[in-house]
Structure formats: structure tokens, C-alpha cells
Amino acid sequence: MTQLDGKKRARLPDSAFAHIDAHGQRRLPINDAAHVRNALGRFGQVAFDDEAARDRARTRLLKAAKRYNIVPIGFITGQLRSQSRQAAAGQAVIELGGMWAAGELQEKLRTALRDPSLLVLHWAESAGSYLDGIGKAVSLPAEGGGRAVTLLERDGRPMTALVHDPGVLRERDLARTVTAAVRLAIENERLQGEIGARASEVRMLPMGVVTFLLADIEDSTGLVRILGDRYAALLADVRRLLRGAIRGVGGREVDVRADELFAVFELAPAALDAALLIQRQMRDRAWPDGLEVKVRVGLHSGRPTLTDTGYVGIAVHTAARICFVAHGRQIVVSRMAREALDGALPAGIGFRELGMHALSGLPEPEALFQVLADDLPSEFPPPRSLAAVVR
């Protein structure tokens, strides 16, 4: 086949190429019989912009073959085989999307790709190697040993290796479909594991009358505006501080989202201890750029319902609303929380009545109280409620 140098290639018209991609790159020359044969052999290696572009290129290539009296039996057979594998792999993606485990992945791919010896191996950090389905370490085959390896990563780290016939994933579109199926199945498995772990944690949460603590960062939007990308590190620091205070007195984290953290305590005094510790540690911490980072805390005692996904009921909503009406560095509690704390207050701790307040979404006004401590701020604006209720 006569090689096309840059000058010869540039002189060819667009019609002398089977495919012109979205960037104007002309691919698969079909200017003579030798180049048509070469294009037939290389067709499966080209990354087309979409399926329509593939179809147009295929049509132009077949017309060129006819013009040069080339009977592309191997090409047509390969295309039919490829389409069959694409359909089977696509069906595998659909089916794997409804599965929770990746255990069936290997058999699905063996069937779809017609490679009965295909292996799906998963990376184990602890073992420092890839493991098969029964947990046995497997060495990847050497290059040129008759088997090919397709590696998948997550966040730059090894995740999965496919060991397969060198021919089955030669086509880029098919390879993308198959790797999508693998990723989908593995993500489903990971999600199922997280759900199972979460369900186990939920079953260990206390039941009956409990005390909720909800804390969030005051004016987090303003902090994001000032810190930009650095806010993520600050948020992580605040979460570590909150979690340490809660766990240190026997509390349990229930949920965390954005700048909020929701925790539960079997005993109200422990919840109060956590709230006081949070405010003291937040006060004493040095924050970036000399910023004042303030957390507001709400406490409420009640008898929620515990489901497979966590707590539900009016007690949960009440705790959230009480936190919302508080100010940074303030601890606000409900009447039920105060009653649960009666007779168990640490030395130097007291309450200030804040009155009855209508809280968003709650059917009745709530009596609110501010926790007073000798070493914490005591003067704050009125609660940020819908309205104070005079009775």
C-alpha cells in the first residue's frame, strides 16, 4: 500500500475519506483499493463521535469497496459479530443496573462477550493484589501471553481488572460499554454495602425517650464566600470537633449533611455536656484568617419512632426547628429537654426563659430556654422564630 505523506493527504478531497470527525480530522482514506482494504481492517479501532457518524463511515467504506470490486466478507461478518456483542453487553448494563451484587458480573460478561474464560478480579488494598471471586490472589498475565488485561480505577487507585481474550474488547465502543457495566455493578455492590452498614448502625440507636442535639454553623454561606475552596477544610475541622464532643460523652451521630450534624443521647445530661463542650471548643479554636466561626445548638427530648432509615416523628422536627432559631454560640433547649435536665445540672449552669415561640412546621408554640454558663456568652438577640406568643 502506498503511504500517504502529509502533502499527498492534504491534496485529497474530503470524499477520499470514510470519516471526518467533529474536529475536522479526516480518517480512513479510501482513495484506492489498498487504502480501502486498510480502512476495512482498521474500522473497529476508530473512535467515532456517535453512532450516526459510525453508520455514515460504514456506508461510505462499503461503497468504496464495491467501487474497487472488493468483497468485504470479513468486515461484514465482524460488524455483525460486533453488533451482537454490543447488544449483549448493553443488555448486561441494563440487567446489572437492577442488581445489588457484582457476583453475577463475571458470568454475564462471559456470556455477552463469548469468552468463557474471562475473569473479573477486584483489587484488595490489604492484600496488595487482585483477588478472584473466592478471595484468592491472582497475578495478572504478562503482555503477549495470549490474554489481555483491561484495568479500571477509582480516584486514581486500582479497582478492577478484566482478563479476557485480546479480541473481545478491541473495539472502543464495546470496551466503553463493558467497562460501564463493570463500574455499575461494582458501584451497586458498594452502595448495597453502605446501606447494610447504615441499617446495622440504625438498629443500634437508642429507643424510647431520647434527647436530640442538632448543631449547625451560623452564616455558612458567608464563610463560603470568604474562604472559597478552603471552606471544605474548615467544615471538616468543625465536623471533627462536633463528633469528638458528641462521642466523648456517649452520644451517637445520626446524620450529617452540609453544615449540620444531628446526634442522639439516651440521657439528657450527656446531651447538655456535649453542647457545652462544643461551644467551649469552638470558642477556643483558632480559625483561618482570624474568622469567627460560630455554631448554634438546639436540644429537645422526646419519643421518636425508629425506622430502618433512622428516626422520624415530630420530635425530630422540633429539634431541628429549635436549632434553627438559635444564634451562633447559643444553646437553646425545649421545655421537655429542660424538664429532663432538672436535678442534673452541672455547677454554674442555669437557664433563661425565652418565652413561647411559634416554630415553622410545628402545630403548637414551643417554650424555649437558653442555657447559661459562667464561661460562655449570655446575651443574644431574640430567637429567630416565626413569632413570640404572649400568654
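A charge sits over a ring if NZ of Lys or CZ of Arg is within 6 Å of the ring centre and within 35 degrees of the ring normal. In this predicted model, the charged end of Arg384 sits over the ring of Phe324, 4.5 Å from its centre. Arg285 lies over the face of Trp287, with 5.1 Å to the ring centre.

**Ring pairs**

A pair of aromatic rings is described by the distance of the centres and the angle of the planes. Searching the whole structure turns up three aromatic pairs. Two of them are set out here.

| Pair | Centre distance | Plane angle | Kind |
|---|---|---|---|
| Phe212 and Phe262 | 4.9 Å | 45 degrees | tilted |
| Phe212 and Tyr311 | 5.1 Å | 70 degrees | edge-to-face |

Phe212 belongs to strand β8 (residues 210-217), and Phe262 to strand β10 (residues 260-265). These two lie 50 residues apart, so the pair links distant parts of the chain. Tyr311 is in strand β13 (residues 310-312). Its pair with Phe212 ties together parts that are 99 residues apart in sequence. Are Phe212 and Tyr311 buried or exposed? Both are buried. Phe262 is buried as well. Ring pairs join Phe212, Phe262 and Tyr311 into a cluster.

**Nonpolar cores**

In soluble globular proteins, nonpolar side chains tend to be buried together. Here the largest nonpolar core has 43 residues. Which of them touch the most other members? They are Leu213, Val238, Val295, Val297 and Leu299. Helix α9 (residues 268-284) gives the most to this core: nine residues. Beyond its neighbours within four places in sequence, Leu213 is in contact with residues including Phe262, Ala271, Ile278, Val297 and Leu299. A second, separate core has 15 residues, among them Ile30, Val36, Leu40 and Leu61.

**Helix α8**

Helix α8 covers residues 231-248. At 1.5 Å a residue, its 18 residues should span 26 Å. The end C-alpha atoms are 26 Å apart, which agrees.

An α-helix has 3.6 residues a turn, so residues three or four places apart point the same way. The buried residues of α8 are Tyr231, Leu234, Leu235, Val238, Leu241, Leu242, Ala245 and Ile246. They cover an arc of only 125 degrees around the axis, so they are on the same side of α8. On the other side, Ala232, Arg240, Arg247 and Gly248 are exposed. What covers the buried residues of α8? The cover includes β8, α7, β9, β10, α9 and β11. After α8 comes Gly250, with a positive phi near 90 degrees.

Notes:
Residues are numbered from 1 along each chain as its sequence is written. This is a predicted model: local features need pLDDT of at least 70, side-chain atom pairs count only at pLDDT 80 or more; totals for chains, interfaces and linings use all residues. Side-chain values use heavy atoms; hydrogens and water are left out. Rings of Phe, Tyr and Trp (its six-membered ring) pair if their centres lie within 6.5 Å; planes under 30 degrees apart count as stacked, over 60 as edge-to-face and the rest as tilted. Helices (H or I, at least four residues) and strands (E, at least two) are DSSP runs, numbered from the N terminus. Buried means under 20% relative accessible area, exposed over 50%, partly exposed in between (1.4 Å probe, protein chains only). A nonpolar core is a set of buried Ala, Val, Leu, Ile, Met, Phe, Trp, Tyr and Cys residues joined through side-chain atoms within 4.5 Å. Contact means heavy atoms within 4.5 Å. The expected span of a helix is 1.5 Å times one less than its number of residues. The arc is that of the directions from the helix axis to the C-beta atoms.
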